[in-house]
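Colleague: I would like to learn how to read a structure like this one, feature by feature. Could we begin with the structure itself?

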Amino acid sequence: MNTVAVVGLQWGDEGKGKVINRLAPGFDFVVRYQGGGNAGHTVYVNGQKIVLKHVPSGILTESVTNLMMPGMVLDPDVMFEELDAVTKLGIDFKNRLKISGRVHITTAAHKALDQLRERAAGKGKIGTTGRGIGTTYADKANRLGIRAIDLIDGNNLRETAERMLAVKNPVIEELGGDKLSVDEIYGKLKQWGEKLKPFLADTSLILAEALAMKKRVMFEGAQAAMLDIDVGTYPYVTSSGTTAGAIGSGCGVNVGAVGEVIGVVKAYCTRVGEGAFPTELFDAAGKHMQEVGREFGSTTGRPRRCGWYDAFAARYMVRLGNVSCLAVTKLDVLSGLKELKIGTGYEGWDQPGLPESIVTLGKLKARYETLPGFDGDITGCTRYGDLPVNARALVERIEKLTGAPVKYVSVGPGSGQLIARE
Ligand code: GDP
Ligand code: IMO
Ligand code: MG
């Protein structure tokens, strides 16, 4: 396949970064098309952990060019920290990272407003990552945003900072925050412009040409389908399109039909932040997933809520996203549980798709199918046939109930711990 997308089908943190890093050597380009510093994609390089937030996970593969497309939002300080971490690993990326001048910049004011709004919302909060994602996308939609190109093309950046703070500071103060200084914001915008300049390029044109030349391109999704602004569990979602359907608009390129869409799912479910979660657990099995799976947010460190695999929700997202196959991750985490469950639907809900209403979804109770558990350490398994029979039975049930073939099974965080099924 020349074009492949790797997208999350649950509520994020499915292990997309790990899968992408493993597959990257087979591609010329890895392309991020949405999201920003809310993402946290964990990758291990020679046993060393790195968490990428903005930079595509192809950065760790020296043969891959990495593109950051117009649909992204960018917090430059955070991205430069990521790049420092890449440099520390001894990886050179200078000519392999291109950032669209059209990405929207997240400033300290966007982050402050995101956090203050959440605090003011009390129980009604979304549970955002506090990274200024919604506030940056809102400015974009309102045509008030600051783009990367604006930092270098002769705009009066002091005026830009003044204009922005004239609108934002009164709200920040009203919400109990400290107003930000023009000098501080201006200083950052100027500094960011200088640091970003060597990386800026018309990545849409680069991508269009790469596709015309039949280069191998992998699109890296951030967040996941259940957090999609249009079809996710609104309003408990992120502020961008997170499915493969968002690739064209996020890139500003007619990418045509993507050859293969790999939907990444955990063998169970997790969610960070608020919002309905029909298969959520509050018992020993949930605790097992939390502890053994080390379910703490890669970006915020918050504990992730845990629950059984929701095949009904995943099936819906497979259909909407035209998903070709699945990568099932964290199968190793379920080892040691006596019985395993898969959510197959919801009591009293006989529609083919997920409810559009968050109120309705919040009231639904999951219906389960129960399978026998498996034991033992499976993290060293390299062939599908080596997995315990009950582990394979779970994978095959996930496949059947979700409606897409399982192509990959992940049995540990290391990039080598990915079994490709024949
Ligand atoms: P992403 O946002 O989808 O890239 O996923 P994250 O990196 O936020 O979260 C996935 C977490 O699970 C990371 O800590 C990974 O190192 C880890 N991980 C990924 N795949 C596996 C797996 O198969 N087994 C185990 N035990 N951990 C995994
Ligand atoms: P990756 O790419 C998990 C969640 C937040 C919150 C909601 C809105 O690592 O899978 P936002 O800050 O985007 O306005 O928060 O979305 N969220 C994620 N959860 N993984 C992510 O990214 C997430 N990005 C956002 O927890 O519920
Ligand atoms: Mg993550």
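Colleague: Which side chain does a polar contact of 3.1 Å join to that of Asn38?

Modeller: A polar contact is a pair of N or O atoms within 3.5 Å, where within protein one must be able to donate a hydrogen and the other to accept it, and residues adjacent in sequence count only if both atoms are side-chain atoms. Here the side chain of Asn38 makes such a contact, 3.1 Å in length, with the side chain of Gln223. A polar atom of the Asn38 side chain also lies 3.0 Å from the backbone nitrogen of Gly36.

Modeller: Before we go on, please note that this is a predicted model, in which local features need pLDDT of at least 70 and side-chain atom pairs count only at pLDDT 80 or more, while totals for chains, interfaces and linings use all residues. Residues are numbered from 1 along each chain as its sequence is written, chains are lettered from A and ligands numbered from 1 in the order in which they are written, and side-chain values use heavy atoms, with hydrogens and water left out.

Colleague: Where does Asn38 lie, and is Asn38 buried or exposed?

Modeller: Asn38 lies in the loop between β2 (29-32) and β3, where helices (H or I, at least four residues) and strands (E, at least two) are DSSP runs numbered from the N terminus. Buried means under 20% relative accessible area, exposed over 50% and partly exposed in between, with a 1.4 Å probe and protein chains only; Asn38, at 11% relative accessibility, counts as buried.

Colleague: Which residues come nearest to ligand 2?

Modeller: A residue is near a molecule if one of its heavy atoms lies within 4 Å of it. Of the 20 residues around ligand 2, the nearest are Lys16, His41, Thr129, Gln223 and Thr238. Gln223 places a backbone N or O atom 2.8 Å from an oxygen atom of ligand 2, and a polar side-chain atom of Thr129 lies 2.6 Å from an oxygen atom of this ligand. The protein buries 97% of the 540 Å² that ligand 2 exposes when taken alone, with accessible areas from the Shrake-Rupley method and a 1.4 Å probe (for residues, only the protein chains shown count as cover).

Colleague: Which residues are closest to ligand 1?

Modeller: Ligand 1 is surrounded by 19 residues, the closest being Lys16, Thr42, Ser298, Asp332 and Ser410. A polar backbone atom of Lys16 is 2.7 Å from an oxygen atom of ligand 1, while Thr42 brings a polar side-chain atom to 2.6 Å from an oxygen atom of the ligand. Of the 580 Å² of accessible area that ligand 1 has on its own, the protein covers 92%.

Colleague: How is a pair of aromatic rings described?

Modeller: Such a pair is described by the distance of the centres and the angle of the planes. Rings of Phe, Tyr and Trp (its six-membered ring) pair if their centres lie within 6.5 Å, and planes under 30 degrees apart count as stacked, over 60 as edge-to-face and the rest as tilted. By this rule there are 4 aromatic pairs. Trp11 and Phe277 form a tilted pair, with 5.0 Å from centre to centre and 55° between the planes.

Colleague: Why does this pair tie together parts that are 266 residues apart in sequence?

Modeller: Trp11 lies in the loop between β1 (3-8) and α1 (16-23), whereas Phe277 lies in the loop between β12 (268-271) and α9 (284-292), so the pair ties together parts 266 residues apart in sequence. Trp11 is buried, at a relative accessible area of 4%, and Phe277 also counts as buried, at 6%.
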